[in-house]
Amino acid sequence: MLLAGEELCIVRESERDWEATHPHLPITTTGKTWQTAARAWNRKHQTAQAERTHRLTTHTFTADDILDHRLEDFTHPAAKQRLIQIADRYPVRWLFAPTDEEEQRLGKRAVNLFAGCGGLCTGLRRVLGVKLDMLCIDFSKDATATANAAGCNAICADVTQLDPSHPALRWTTILICTPPCTPWTRAGLQLGKNAENLRIITDVIGEAAEAAGNVWATGGFLNGEFIKPEYADPNGVTWPEVRAGLDGLSDKRAGLMAEIAIWGLGLTAAGAPLETILVEQSSALPDQLRAAIGVEFEIAGLSATWMDVKASQVGSPSERVRAFLMVSEKPVDTSEITGMEPITTLAAQALAHRPAGTTVITRGNRTTSGGNGFHLERTVPAITSKIRNWWVFNPDGTRAEDFSLAEVATLLAMPEDFPVQGSRTSACQQLGDIVSPIVAALVSGAVLGVPAARAIRAYLAERFPHIHGKPKKTKTKKPKKSKGKKSGKPPGHAHRGDYCQVNITINPASRAVSRFLSCPYGGRSRLGSFDQSSTQHPVQNLSTSGAEAVAERHNYRLTGPWTTHTPHVRTAPVAWEPPRSAPAASPTPPSPRKLTAEEEVERETAAIMARREAARAVPGLYWTVAMAAAVQQAADGHLYTPDGGATFRYTPVPGRTGRKVLADRIRRLTEAGYLALDLEAGKVNATADGRKALALAGLHPDGLYETDRAAYDAHYAALGRRKGIRNDDRKAKAAAVPPLPGGEQARRLAAAARAQLEVWEEQAKVRRAEARAIVERAVAKERAKQERKEAAKEEERREREARALAGAVRGPMQLLTYAARNALFRGPDDEHGRPGFYIHNPGRGIGHAPAHPDDVRQLQNEKLLTAGEEHQALYLTVEIAVTAELCTSLLPGGMLLSLYNGAGNETNRILVPGVYEGIDQVDRQLLADLIKERGYLVTGPWTGHGTSTTSRKAGLEPLRSSLATRTPIAA
């Protein structure tokens, strides 16, 4: 039964049609060549058509049998089941060519490899508004479930196990590849950038090109001129064989980059009308791989362009730089990508429900190098799966709820209701791997020739209407022009008796002295302040240079000396002068520039990190309050040593005795590198480490210990008990002050330790070399001793074997004759486990004679003897004679010569011609020649058989050259 639309017919082609369809066959004037070829072609076509019809009617058809059919032609359940078998995991309708109506309704067919949860699909469908009949493939079950829930057509499969030449893919026009980026980033230790890995991947890409026939056989660039190339045929290597070349990679995920070439060139080789290829990867992808992939598509006649795109410049609240490869039949116009005006969306704007000043800590309590905190008043760093562990804090420092999946999707500019499937860990992994839909729309629009800028702005206005919605038009009032002339005097004051006043105030909490400079013109105004940590200064000892500098910055010039009114107040007259660059200027101090949101965030983040660093570092310094005070005194320049380091005094007022400071405390701080002695000047100065540690202590004063005993106990407990360290050493180390971690003293100590370690290593090398020489001499001596012993043993063994084989029977052919008589036996093994052999033939006077084992093993190797168990005979594998007997014949005309084997059976009978009166008259040489013609040698004299005078016997030995022609003995 034929299917609907199926017709079986054989048409005889005309000469013109045959010439057009078969130009390689000549047409002679007689037409015989054409007629013969046409008949052969018709017969072949008829047979193929009949076989194809049979397969269609029996529902055993193949993918090639249905090329001329439509899906609607197959209505039988068995036919439908067969289509499902052929399609495998792909849509059944993809086995048939798309119709114009189907392409208009669904779009062109596209395959999206490593599709993830559908970020790129969302960009194409919801942002760009492009229709594509797309099949998404990914290895993750959760990502596939998410993509299907989001409206994609996704299947869960391993891309490396699929064949790009599958019949369901032969009408693919668009290929999208987004392999994992982990091998190229720090998250994956950048193993893909290993030189050996790069070599393996580029080699496999070249092998994929040869397997697909993407090699120019002829043509190309010749003398600067491009000649249209002809491509070589595929070399017959299968895709699994090509992929096997990636087995040597240290990171198997890096080999997924080769799938771009395997699928792109494989689809083209299978006949797919591939028009567009889009590849997404990390911007850290090496240029070597970019060039290797791009050049293969250039050889295929396509245009390939690499470009990096930053998501935060296209309106995404998160930062991520990705590399895109755009391949098309024509050069891709990237002007819209490069010329698009940047669009900024801050995370705080996208998450407007979060309070202003929300802080995010990305690495928990970790304080190692690298970013760890930021405010939402910026675009957040690249989102990865680690966002599930980000800590969120309210402005008051309390812990807030972690980011929800909807918030994570918002930070990626994904739809808020994006249906992510799976656990939170899996969902964060999916969203961390996603391609932002606005970036996907921008790049896809360029490669597909669809304008994307307006579509992206429309999507952002819909997604973030409070940020990118259309602003309301408001009327702005023009500022009124000021009337009158500008005064060259400060406002509200024009007297000559202006003066500056310094007020000294003491802050009991911080014990800091603040000096405020103010000018009472029409009211007091604070112009500046100076901080000094000492409370011992009377006002008359304070320097006035700082106050005068502040006055000059505000256009005031002192017109008289400073006068002390009270212990806390000094004044000086001033005159205000307008600045030279402007006719009139206000003495009112300009308001400080308002920090931007990003600067404010950076400042607050730096403060947070500084406090965290102080909270971590200060307790480990094991400082007391008194130590901090001593370092502060040295930093102020008030710590002296009048007797060359024996005693120390805190002297805030020069010329006075001052207060004594504990010498042991200064010594310990000096040894730790916080203080430095200047014996010439008689002072103690704070080092850079001391000033940094003092700043940390000021940020975290709770980390200081009240007494030396408390600091010692804490340090002693932190050291703990360690094997091999005496308790006295532990106490001494606990009493010392540790240097600042990462400071100059720590680096000096580390350098000294490294130098000492190098000295020890050199000494150890010398000692190891000496020990190695001693060991080598001992080993050589022992080896020589063992060699002498072995030589003695070997000599003894040889002598023993020589004695044992002194009377051994030798000669392979002679041993064969004994074996033919069943007189050759296997003996016990020798000391080396090799079997021995002996001859036992009492009839010939041999009771128990050894047989030479080398000759026996030679016969065994030549397959002439079969070996048995111990004390068993060795048997021949060929038939040989061992005895010759000459007898008088009753027949006239000669003697009878017979040859007998070991069993006494006659193997040959020879007539010796001639007339002889007696048996001894026969020429012995004649007998030897006759026997030699049969392949034997006479090995002994001819002897009489008992008292008989009618027969003579002699022993025989086979010739080696005749053994190959002997009749084998059946096993």
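Strand S1 (residues 108-113) is joined to strand S4 (residues 174-177) by four bridges, and the two strands run parallel; within this pairing, Leu113 stands opposite Cys177 in S4. The model is a predicted one, in which local features need pLDDT of at least 70 and side-chain atom pairs count only at pLDDT 80 or more, whereas totals for chains, interfaces and linings use all residues. Residues are numbered from 1 along each chain as its sequence is written, and side-chain values rest on heavy atoms, with hydrogens and water left out. Strands (E, at least two residues) and helices (H or I, at least four residues) are DSSP runs numbered from the N terminus, and two strands are taken to pair if DSSP finds at least two bridges between them.

S1 and S4 belong to an open sheet of seven strands with mixed pairing, in the order S3-S2-S1-S4-S7-S9-S8. Its edges are formed by strand S3 (154-156) and strand S8 (303-310), each of which pairs on one side only. Neighbouring strands of the sheet are turned against each other by 15° on average, direction ignored, the axes being lines fitted to C-alpha atoms (for helices over the stretch in contact) and angles running from 0 to 180 degrees between N-to-C directions.

The structure holds 29 salt bridges, a salt bridge being a side-chain nitrogen of Lys or Arg within 4 Å of a carboxyl oxygen of Asp or Glu. One of them connects Asp133 with Arg109, the closest N and O atoms being 4.0 Å apart; Asp133 lies in strand S2 (residues 132-138) and Arg109 in S1, so the pair ties together parts that are 24 residues apart in sequence. Both Asp133 and Arg109 are buried, where buried means under 20% relative accessible area, exposed over 50%, and partly exposed in between (1.4 Å probe, protein chains only).

Another salt bridge is formed by Glu259 and Arg243, with 2.9 Å between the closest N and O atoms; this pair links helix H9 (residues 258-269), which holds Glu259, to helix H8 (residues 239-243), which holds Arg243, across 16 residues. Glu259 is buried at a relative accessible area of 1%, and Arg243 also counts as buried, at 11%. The side chains of Arg55 and Asp65 meet in a salt bridge at 2.7 Å, N to O, with Arg55 in helix H2 (residues 32-57) and Asp65, ten residues apart from it, in the loop between H2 and helix H3 (77-87). Here Arg55 is partly exposed, with a relative accessible area of 25%, whereas Asp65 is buried at 4%. Asp664, Arg667, Arg668, Glu671 and Asp708 are linked in a network of salt bridges.

The loop between H2 and H3 also contains His59, which has a positive phi of about 60° although it is not a glycine. A positive phi, near 55°, is likewise found in Tyr622, a residue of the loop between helix H19 (597-621) and helix H20 (625-635) that counts as buried at 14% relative accessibility.
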